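Take a walk through this model, one part at a time. Begin with the sheet, then turn to the cores and a pocket.

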Amino acid sequence: MSTLPSPERSAEEASALTYPLQASPLPGQTIEVAPGVLWLRMPVPGSLNHINVWALEDGESWTLVDTGMQTPDTAAAWQSAFAGSLAGRPVARVICTHMHPDHIGMAGWLTRRFDCPLWTTRLEYLTCRTLVADTGREAPPDAIRFYHAAGWDAEALEHYKTRFGGFGKMVYTLPDSYRRIVDDMELRIGGRVWRAVIGRGHSPEHLCLHCPELRILISGDQVLPKISSNVSVFPTEPEADPLTEWLDSLAAIKVRVPNNVLVLPSHNEPFYQLHARLDQLIDGHERSLQRLRQELAAPRRALDVFGLLFRRRVAGDLLVMATGESVAHLNCLLRRGLAMREMDAAAVAWYRAV
Ligand SMILES: [Zn+2]
């Protein structure tokens, strides 16, 4: 749901990060990664395989961070955690880093089960409500126009129409109200201060949580150790420039969060060397932008640059993500004045370097 295979990374880059924990938790089990900070893993279908979620001791209760996708397997994993390591304390609050279904999917289930509030940022909450409301609707002409312009053929557009509105199936009915978290806000959890660090680009108002006392950063999908988070343009805002927002967010995190934190990411394992990873992610995208600009010596459609940006063959359900990510890179070049776009007579967009 949240990621595509990243552009190639050198062995040198991969070895810059260190992973202090020897094992990862099985579904329903926990590993304490710092005093009062428990790591759980929820199963996710497909190549993503899992999502990490966190239970923070909060007085006599738990504060949970992220929830897993709505599936029977996730419900079973939560039930065994509540019967096991989490037993004896209720959940007092559910925090979600962002609105993707692997993160927020079970928030409604958990908040109802424990009669507790959902805390997240305003744009994550409202965007999620909007996407859930699309479930069961027909694919709108705006979306067809967008993907046609990217170069999709009739068969791909037909597949999109049949799949449209699947988001809500992965998300348990959201609570009808929430508690808003804003950037730099201090949350007191278990007697410790956790500061909100908002990022953009992967999702509209993504929450990270930094605890200076524990030297921990819960990074969500904003900083992942082994995959490059999906940064996409979607048909609802075709002229958006999420890649610039993404790069600016990564640079801001490097200023705001010290390098000595243990990073707790949503996918793969907790790691050290936050700043090296931020540099890798920024450099990787800048290199992609350079290669893309060279490729645009001749006119290209969004569809034509997949081979340059992704290692994996793009087909089926990956098409939306790959198109979104390609348009994100192209819109960034447009914004920088390094490329231009022309629509042909068939309403397909062609990009070339300036
Ligand atoms: Zn995500």
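Predicted model: local features only at pLDDT ≥ 70, side-chain atom pairs only at ≥ 80, totals over all residues.

Residues are numbered from 1 along each chain as its sequence is written, and side-chain values use heavy atoms, with hydrogens and water left out.

Start with the sheet. Seven strands form an open sheet of mixed pairing, in the order β2-β3-β4-β5-β6-β7-β8. Strands here are DSSP runs of E, at least two residues long, and helices are runs of H or I, at least four long; both are numbered from the N terminus. Two strands pair if DSSP finds at least two bridges between them. β2 (31-34) and β8 (179-180) stand at the edges with a single partner strand each, so one side of each has no neighbour in the sheet.

Now follow the chain from β2. Three bridges join β2 to β3, and the two run antiparallel. E32 stands opposite L38 in β3. The two strands form a hairpin with two residues between them. In that turn, G36 has a positive phi of about 80°.

Strand β3 (residues 37-43) then meets its other partner. β3 pairs with strand β4 (residues 50-58) in the antiparallel sense, over seven bridges. Here M42 stands opposite I51 in β4. This hairpin has six residues between its strands, and G46 in the turn has a positive phi of about 90°. Is β3 enclosed or open? Six of its seven residues are buried, so β3 is largely enclosed by the rest of the structure. Buried means under 20% relative accessible area, exposed over 50%, and partly exposed in between (1.4 Å probe, protein chains only).

Strand β6 (residues 91-95) and strand β7 (residues 118-120) pair in the parallel sense over two bridges. I95 has W119 in β7 as its bridge partner.

Helix α4 (residues 107-114) comes next. Its buried residues are A107, G108, W109, L110 and T111. What covers them includes β5 (61-65), α2 (72-83), β6, α3 (101-104) and β7. Just after α4, D115 takes a positive phi of about 50°.

Now the cores. A nonpolar core is a set of buried Ala, Val, Leu, Ile, Met, Phe, Trp, Tyr and Cys residues joined through side-chain atoms within 4.5 Å. In soluble globular proteins, nonpolar side chains tend to be buried together. The largest core has 52 residues, of which W152, Y160 and L274 touch the most other members. Elements giving two or more residues to this core include α7 (154-163), α8 (242-256), α9 (274-295) and α10 (306-309). The largest share, eight residues, comes from α11. Apart from this core lies another, of 35 residues, among them L64, W78, L86 and W109.

Leaving out residues up to four places away in sequence, W152 touches Y147, L157, Y160, L303, L319, V320 and T323. Contact means heavy atoms within 4.5 Å.

Last comes a pocket. A pocket is an open set of points on a 1 Å grid over the protein atoms alone, where a 1.4 Å probe fits, with protein on both sides within 12 Å along at least five of seven lines; lining residues have an atom within 4 Å of a point. The second largest pocket has a volume of about 260 Å³, where volume is the space filled by probe spheres set on the points. Of its 15 lining residues, R145, F146, A149, P238 and E239 are the closest to its centre. α6 gives the most to this lining, with four residues.
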